[in-house]
Amino acid sequence: MKKLILLIFLSIILSALSAQVLLPKVITNNMVLQREKPVAIWGTAAPDEKITVSFAGQTKITHANVHGDWQVKLDPMKASAVPQKMTIIGSNTIELENILVGEVWLCSGQSNMEYPLDRGLKKYAASKRGEDLAKKELVGPRNPLIRYLYVERKLMPVLPTDGWKDTNDTTLRYVSAAGYFFAKELTEKLNVPVGIISSSWGGTRVEQWTPPTAYQQSPLFKDSLVGKKNFKIDGMVPGKMFEGMIRPIIPYTIKGLLWYQGESNLMIHDTTTFIAKTKLMLNTWKSMWQDEDMSFYYVQIAPYHYSKRLKDKNKHGADLLPLYWEAQAQCLDIPKSGMVVTTDLVDNLDDIHPGYKWEVGRRLALWALAKDYGHKKLECSGPLYQKMKVKKHTVELTFTHAKSGLISSDGNALTWFSIAGADQKFYPAKAEIKGKKVIVSAENVPEPVAVRFAWDETAMPNLTNGAKLPASPFRTDSWK
């Protein structure tokens, strides 16, 4: 009898809870709402329950569907640093406080995006050049316009987060350092609130951030899948991190995506299909967010001794990383994309987690400022190879993103250029800056046909533009 009464009581409690208006864990106090876009607010309630959402002078009314799901969209709003309250009324009332309106960016990828503001949490090595700006940020006053949502590395039925926080909360230590410094740069340049969603997982491959159905429906990949229920693509079950750490965030309105990933795909020598996999992930996300205009700024992985990694299944050559750099650079043909080069931000070639994430964040912000926020004269990229022209015994190289001129970052002769003739044998080359071009030559290559730049996993070259942004590695040939 007692058990029956307890079951009835629990049933009544569960029934009452299911009738209440509930919100996803991405909609909380302290959040930043995206300005100048329709803003999605959603949740669950009893079927057909009337829901009223009020914020910033707007009131939106809807009814939950037969499954209890509901959603409204607030009209586009101007940025506001004045904390405001949102009220959501159904059978119960929810009041969310301290809400700002500004810019919202999702930061995702593997360990170099996960790399926390407090590097001591992962015992990462200290940077050797200049002041440790991350350490300074943790002990000093922080911009109150920055907000963040930190997603933990847990796979749960609900999003593993404690909700939106301001910079006074101690959870800040765990937030992506690159993402934080991106937000810091934007708030200082735009003077509007910036919210970042920090959702990344070390050691993951791009497949794990892509819904499985995307591969099943892809004409390029659907015939390469192995297995039925938990099928694999290149030995990896896709979608694990997407389902737990991205899907629950959708359709929270964002401006764009910051992506820092690739080391794990490189380790399986995935240089040919990585471009298509990245595009598949991004296009699927855009479709699910119903936002084809979403910006996508990513980081090219850094120099590292992959050839020394004896624990990997595949043996790596010194040219594997350049091939991967090449693949990452080809992702620049994605609309509204931009790439950050990091060849100059390495202290130790045996450390796959280089520091200076404040500079990575700043460089990511340059792309957003130039492409999304009207700072059209701001240089956002280092030199990118455009074309070559053979002139007698030399090769003339032309670059985009060279309007500010080309320079040697250390004042010495340009490094890491090599040149080859028709025999396809490359030799170290002399490279000189002439105006906005680079002239390359070698005495033992009298009839040059190809040039390579930084074509080695250890390459940390000194060619930059006037904005001191490093040139991306490249080759003018397609030889194997």
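Trainee: How far apart are the mean positions of the positive and negative charges of the chain?

Mentor: The model is predicted: local features need pLDDT of at least 70 and side-chain atom pairs pLDDT 80 or more, while totals for chains, interfaces and linings use all residues. Residues are numbered from 1 along each chain as its sequence is written, and side-chain values use heavy atoms, without hydrogens and water. Lys and Arg count as positive, Asp and Glu as negative, with His and the chain ends not counted; each charge is placed at NZ of Lys, CZ of Arg, CG of Asp or CD of Glu. For the 62 positive and 48 negative charges, the separation of the mean positions is 1 Å.

Trainee: What radius of gyration does the chain have?

Mentor: The radius is taken over C-alpha atoms, and the globule rule is 2.2 Å times the number of residues to the power 0.38. For 480 residues a compact globule would be near 23 Å, which agrees with the chain's 25 Å.

Trainee: What share of the contacts with a separation of 6 or more joins residues 24 or more positions apart?

Mentor: A contact means heavy atoms within 4.5 Å. Among contacts in the chain with that separation, the share is 72%.

Trainee: Which residue in E21 is the bridge partner of Ile419?

Mentor: Strands are DSSP runs of E, at least two residues, numbered from the N terminus, and two strands pair if DSSP finds at least two bridges between them. The open antiparallel sheet runs E18-E17-E21-E23, with E18 (426-428) and E23 (474-475) as its edge strands. Strands E17 (417-420) and E21 (450-453) pair over four bridges. In E21, the partner of Ile419 is Val451.
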